[in-house]
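Here is a short report on the model shown below. It starts with strand pairing and then turns to domains, contacts, cores and backbone angles.

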Amino acid sequence: MSRFLACFLSFLVLASQALPAEIDDQELLFLEVANIATGYPQVKFEAPSTVTVITEEEMTNMGARTLLDALRLVPGLEVGLDLSGMPIVSMRGLYTAGSEKILFMINGRPVNIVLTGGGTPFFADLSVNKIERVEIIRGPGSVLYGSNAFSGVINIILKKEVPTAFSYRRGSYDTDELSFQWSHQIGPAFSWANLSYREDSGAKMTVKKDFLEVEPLASQNPNFPHYHKSNEWVRRGEYYIGSQFGSLLLESFYIHHADGGFFNLSGIPSKKTRYAREDFYFHTSWSKKIGPFESEWHLDSNYYHHHHFVDYFPPGITVYDPATSRTYTFNYGVRWLREAEILSLGGETRFSYRNKKHRLTWGLVIHNDNLHNPSLKENIDPVTEENLPYLVKIPKNWIRSADRFYYSFYGQDEWKPFSWISLTLGARWDNYDDFGDKTSFRAGLVLSPWKHWRFKFLYGEAFRAPSFMELYFKKCPLTPRQGNPKLDAEEMESYELNISYITRYFQIGITFYRQNYYNLIYMLPDPYYTLTFENSSSMATTDGIEIESKLVWGPGNFNYLLFSYSYQDTDMPQKVLEGSFINPPYHLITLDLNYRFFSKIGLNYYLRYVGKRDNIDDYLISNLIWNFYSPCCVFSFGIYNIFDKKYDLPSIDEQRYPEGFVRPGRTLEAKLTWYF
Amino acid sequence: MKVFFFILIAIIFAPLEASCAHILLVYRNDIKAYQRLVNQVKMMGKFDLLECQLNNSCSIKNNSFDFIVAFGDSAAKYSHQFKKPLIAFFISDYSLAYKCSSQRCLYYFLFPNAKQVLTKLSEILPTKTRIAILCSANSLSWISQPLKGFPFEITVETISSSEILSNLRKIFRKNYQIIVLAPDLLFLQKKVLREIIKLSYTSKKLVVGFSSQMLELGLPLVITYDYEQIYSLIPKAIENFEKQKYISFPISIFINKKVIKGFPINFDEQ
């Protein structure tokens, strides 16, 4: 049975416990439940991981447009941007280009793209219309989920059983989003579809300073086009469909995404630049239960198409290359097109056995990733280095074809000798054909000595396999980064203490943690300005405190106050700091107040404070959302960044963009969802 | 004199010994309430008790007991095999009642039935109120008796679990004033219950729940048993079972007064 179905059934299980709850003391029954910590439903305060759950109701109330908006509720989670304008999600201060240190999952299945290792290219800005809830582990999760579950795991549970509805969203910068959702029981098959399409012209923000240290408006060459505005248009479609026949689940998810980037590599955007990618994911699962034994079988396949057309350096520009001490003039500007395809196939089988005090889980994972058909075209002749008005194929590719096969074994025991204590132990062994094998362990002791108190003592290990970019990227003069096939996996260990006080109307959890990192991959510059990926031989650490609380009151429990605070102090070796991109803020504060008026009108105020960091000022933004609810429709209107605060997000490379990524000020959005 | 004294004692105690019934207690010991009730029965000191804890080892090899006391659905199901008189408490599966003759088995349900709930509602609601009873195929048996004679317009809406969110919206758009939830696991799913609460508020349609927990979660009105009273009545019900007597458990209306003000229904203040 798929993990999602298990999750669905878990509500039934909980519900069946609710009947005796009439005559028993189960006050905590209606706290948020998550599957993510052990693979089975648990109240998040009793799970052997530090877990946050974001519900659909919270996302709707706060006017979240994409998953990124919702993720900002998570303590210790920060959002930045990479050079192409792609969001970077970081947790606990560990900030990297492709968000590859966080594992994204769809309905419990890992979906990170092996090219960059991250999941943000497709899933960070997923439309919230199709999300039922999001479960997040703050900390490691490799024992269950393998590579990339390093500093965090984000499990996106998509809606299946939905009322038929159509929604339209219109906002600033010509943002339009259409969504349609449907589900129906046809004979033995339950089927669903959730489709959405979004267009966004993007904010036009002034680029203050670029890579070449040239003010675009004050360009020395009067013939330069004045590309002095950012170029963040987006066209994106997301199509999720599936069917369930008893315990057989079939689901597929197709996403195509294209955008104009933010800066291009010169910092002078061109309207022609187009970053495009598409991903087709298919998953099927089947489960069988015999007595105390249960088995789950999963098959996953993923096809990824990478298509990045970059138009940078306006025609006529002169560039000095410090590596060769030469000066180049590009009469036709510089353009390139990089393409590649990745086909991933994998399977997992999981068994579990449960008796009175133990639940044993063990499983096997087999997976293969194949990168093929890479191609590079540039408008520079590879032999004569002549600048051409058209693209030609470059024999020396941008990345080499690659193949990766790995298999893994894992086991986990949840032991509950008494009702107030539970101990979870787990181990996993992964064997990769490119860098070797890794073993990860976890241990979690959860105590509930008093009715409202929970104490967690957690230890976890995680690893991250190097991405294909880090292994096989080939350098070229314009992007002087070079892969390193000798890279080893990154490793980490985490120690956490969590104390929670929970009642039905008020919950608060405080987590103290230390995370040690080994073999972190960073870019080491050589005297010729070539950046080569290397493993750091020094240990890095992050120490932090996270507070997460929720207060609920009023009729229907519609009113609530969410509050989170996190302090994080990262200690990185100097060379990692120089060659990599660690620049987390010390303080993050989030507050979300929701209040319901006259039963039909809701008001939500969201506030986010991001503390100061190197070269980037602190900022505080707040959103105000009105929601009107009725059985036939939901209408919402939001003012985002109501005080029109200008703020910068950190960029991947501080040296290149000292101004950070300036973000738009106040924006407006309206959304109507109509239920049929 | 001594002989007379012993004979007198024997006469006094002999009937008592003879009346001390052997009963089998079947229950899940991981539910605190059942443990509490078992202790209450033990404290009565009137029975020879044989215990069967379903989630521990339970192997009853002979039928040397007079009748069975079961707590919960699973205990009642387990008890059917013995073909002995059965008194079962906290039964939520109404179909169990059809599996045993009414003369041999006596069921005290976890929730009052539809007729009892509507009778209670008729004490507080004005006449001609349009009421929908919401149930699934599983809980249809909750409405076991014809719902006639009530001063309401009553409609039974049966919804399927697979499309419940969609069906709920359709039902809440209809012209009902009150929606009564049949006791059903479906409505205790967190997602479903939350949707019902949201729709109830936004459509201003009063939803009557069956579990007192629902009151705390946001429903304004719940009609169910007062379980604290039931605790004290269960020993009496067991005693009466020997005498073929049935006692009725009191039904209460639980109202969240702050919440209910927002609904356009005029209640009888009494």
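## Strand pairing in chain B

In chain B, strand β9 (residues 206–209) and strand β10 (residues 221–225) pair in the parallel sense over two bridges. Strands here are DSSP runs of E with at least two residues, helices are runs of H or I with at least four residues, and both are numbered from the N terminus. Two strands count as paired if DSSP finds at least two bridges between them. B:Val208 stands opposite B:Leu221 in β10(B).

The model is predicted: local features need pLDDT of at least 70, side-chain atom pairs count only at pLDDT 80 or more, and totals for chains, interfaces and linings use all residues. Residues are numbered from 1 along each chain as its sequence is written, while chains are lettered from A and ligands numbered from 1 in the order in which they are written.

β9 and β10 belong to an open sheet of six strands in chain B, with the order β7-β6-β8-β9-β10-β11 and mixed pairing. Its edge strands are β7 (153–158) and β11 (251–255) of chain B, and each pairs on one side only. From one strand to the next, the twist averages 20°. Axes are lines fitted to C-alpha atoms, for helices over the stretch in contact, and angles run from 0 to 180 degrees between N-to-C directions.

## Chain B as a whole

Chain B has nine helices and 11 strands. Of its 270 residues, 38% count as buried. Buried means 20 or more other C-beta atoms within 10 Å of the residue's own, exposed means 12 or fewer, and partly exposed lies in between, with C-beta atoms placed from the backbone.

Two residues are in contact if their C-beta atoms, placed from the backbone, lie within 7 Å. Among contacts in chain B between residues at least 6 apart in sequence, 61% join residues at least 24 apart.

The chain is divided into domain 1 (2–110) and domain 2 (114–225 + 254–260). Their contact takes four residues from domain 1 of chain B and four residues from domain 2 of chain B. Domain bounds come from an automatic or database domain assignment.

## Where the chains meet

How many residues of chain A are in contact with chain B? The count is 33 residues of chain A against 38 residues of chain B. On the chain A side, α1 (3–21) and β11 (175–186) each supply at least two residues. The largest share, eight residues, comes from α1(A). By class, the chain A side has 17 nonpolar, nine polar and seven charged residues. Nonpolar covers Ala, Val, Leu, Ile, Met, Phe, Trp, Tyr, Cys and Pro; charged covers Asp, Glu, Lys and Arg; the others, Gly among them, are polar.

## Cores

A nonpolar core is a set of buried Ala, Val, Leu, Ile, Met, Phe, Trp, Tyr and Cys residues joined through C-beta atoms within 7 Å. The largest has 96 residues, and A:Phe468 is one of those with the most contacts inside it. Beyond its neighbours within four places in sequence, A:Phe468 is in contact with A:Val114, A:Leu115, A:Leu371, A:Ile399 and A:Ala402. A second, separate core of 81 residues includes B:Cys105, B:Trp142, B:Phe210 and B:Ile234.

Most residues other than glycine have a negative phi. Two exceptions follow.
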